[in-house]
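Q: How do I read a pair of aromatic rings in a model like this one? Please show me a case.

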Amino acid sequence: MTDIIKRIQPQKFLALGALVILYVFFAIFGQNFVSTSTHLNILAQSYFVGFLAIGVTFVILSGGIDLSIGTVMMCSAVVGGLLYRQFDLPLWLCLIIVVLIGTTFGLFNGLMVTKLGLPPFISTLGTMMIAMGLGSILTNTRTQSYPSLLEADAWFGRVFLREGNFPTGAVWLLVIFILAMILLNKTKLGRYTYAIGSNEEAVRLSGVNASSWKCMIYVISGFFAGVAAIFFAAAYTAIIPGQGQGNELQAIAAVVIGGTSLAGGIGSLSGTIIGVFIMSVLRTGLMSIGLPAPYQNFFTGVVVIAAVWLDIQRTKRANQVKKEKQVVQKTA
């Protein structure tokens with residue numbers, strides 16, 4: 001564990017330094033960047049991406065990938081809106097169903113990976129398309145909506161987005177982030193997540209049912225996609241069926257930028273959150289200096305490539321150190 005901590009610290013601190021540099025740069029050159037409205041906008045953009053990123057961190061740490069979280073989030077949100085508007089279910093019950101839908105998709109992914117033996121890339125790609133189509137089928141491609149701050153259930157926005165200028169969504173993100181940290185760092189599930197990502201075969205040979213734990217990891221990813229759906233609905237209120245593709249890439253990019261290795265076994269949730277805010281600050285900051293969306297995508301891609309390159313270099317150095325130690329042991 002000490003070795004893992006030593007290996008994740010450099011890139012995480014690089015990410016933190018990059019976040020500070022980006023903020024200072026946009027504070028100097030951006031228009032009205034240092035303002036309450038801008039900060040609230042940065043936070044609002046971070047909520048649903050943050051929850052997606054927290055969930056997919058578990059999957060990537062285990063050596064897998066989940067491409068379905070973006071469309072699962074949208075499918076869950078649009079079905080919840082359908083139940084609220086068309087079937088007049090209480091909003092609180094709809095929100096529970098939203099999370100259950102996301103969790104069910106996560107279980108579906110986990111069973112395909114562990115029981116059917118499908119590669120995570122293929123299985124979650126299929127689920128991404130299923131979720132995209134299912135939301136459109138159930139709603140007949142009609143946009144669904146959640147209550148705004150002016151409607152009867154205005155508590156929804158106040159609880160999950162903001163109360164006046166107080167970002168209540170940030171409180172939720174902090175609390176759930178702390179709970180996820182405890183789950184990853186203080187429980188058996190977390191230890192097996194790292195172990196499976198490092199050497200799944202060794203975990204099996206030690207007598208652990210790696211398939212069951214891996215399935216649970218995908219369930220966690222689906223659960224967080226359902227949670228993200230609630231915060232997406234609070235931020236945008238109108239949910240368009242068949243959308244969501246691309247949100248998973250933002251979440252995965254945040255995870256990679258935060259120092260989690262795509263090879264599995266190395267990373268942290270604190271790094272993931274830093275990556276989430278780098279993405280949000282970059283997006284908002286580029287808008288503040290007048291650059292349109294294509295430039296935002298361009299620079300985000302550059303940041304992701306740089307983060308992956310750093311991860312590759314770190315892995316090479318770690319492997320070189322292992323080889324040198326093995327040579328020393330053989331010659332001793």
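A: Start with one residue of this predicted model. Y146 has a relative accessible area of 2%, under the 20% cut-off, so Y146 counts as buried.

Q: Which ring pairs with that of Y146, and how are the two arranged?
A: A pair of aromatic rings is described by the distance of the centres and the angle of the planes. Here the partner is F156: the ring centres lie 5.5 Å apart and the planes are at 20 degrees, so the pair is stacked.

Q: Where do Y146 and F156 lie in the chain?
A: Y146 sits in the loop between strand 1 (144-145) and helix 6 (155-160), while F156 belongs to helix 6, so the pair ties together parts ten residues apart in sequence. F156 is buried as well, with a relative accessible area of 1%.

Q: How many aromatic pairs are there?
A: The count comes to 18. One of them joins Y47 and F231, with centres 6.3 Å apart and planes at 65 degrees, so this pair is edge-to-face.

Q: Which residues do ring pairs link into a cluster?
A: The cluster consists of Y47, F51, Y146, W155, F156, F160, W172 and F231.

Q: What is the setting for these rings?
A: The protein has twelve helices and two strands. Its radius of gyration is 20 Å, close to the 20 Å given by the globule rule for 332 residues, so the protein is as compact as a globular protein of that length. Of the 332 residues, 50% count as buried.

Definitions and conventions:
Residues numbered from 1 in each chain as written. Predicted model: local features only at pLDDT ≥ 70, side-chain atom pairs only at ≥ 80, totals over all residues. Heavy atoms only, no water. Helix = DSSP H or I, 4+ residues; strand = E, 2+ residues; numbered from the N terminus. Rg over C-alpha atoms; globule rule 2.2 N^0.38 Å. Buried < 20%, exposed > 50% of the residue type's maximum accessible area, 1.4 Å probe, protein only. Phe/Tyr/Trp six-rings, centres within 6.5 Å; stacked < 30°, edge-to-face > 60°.
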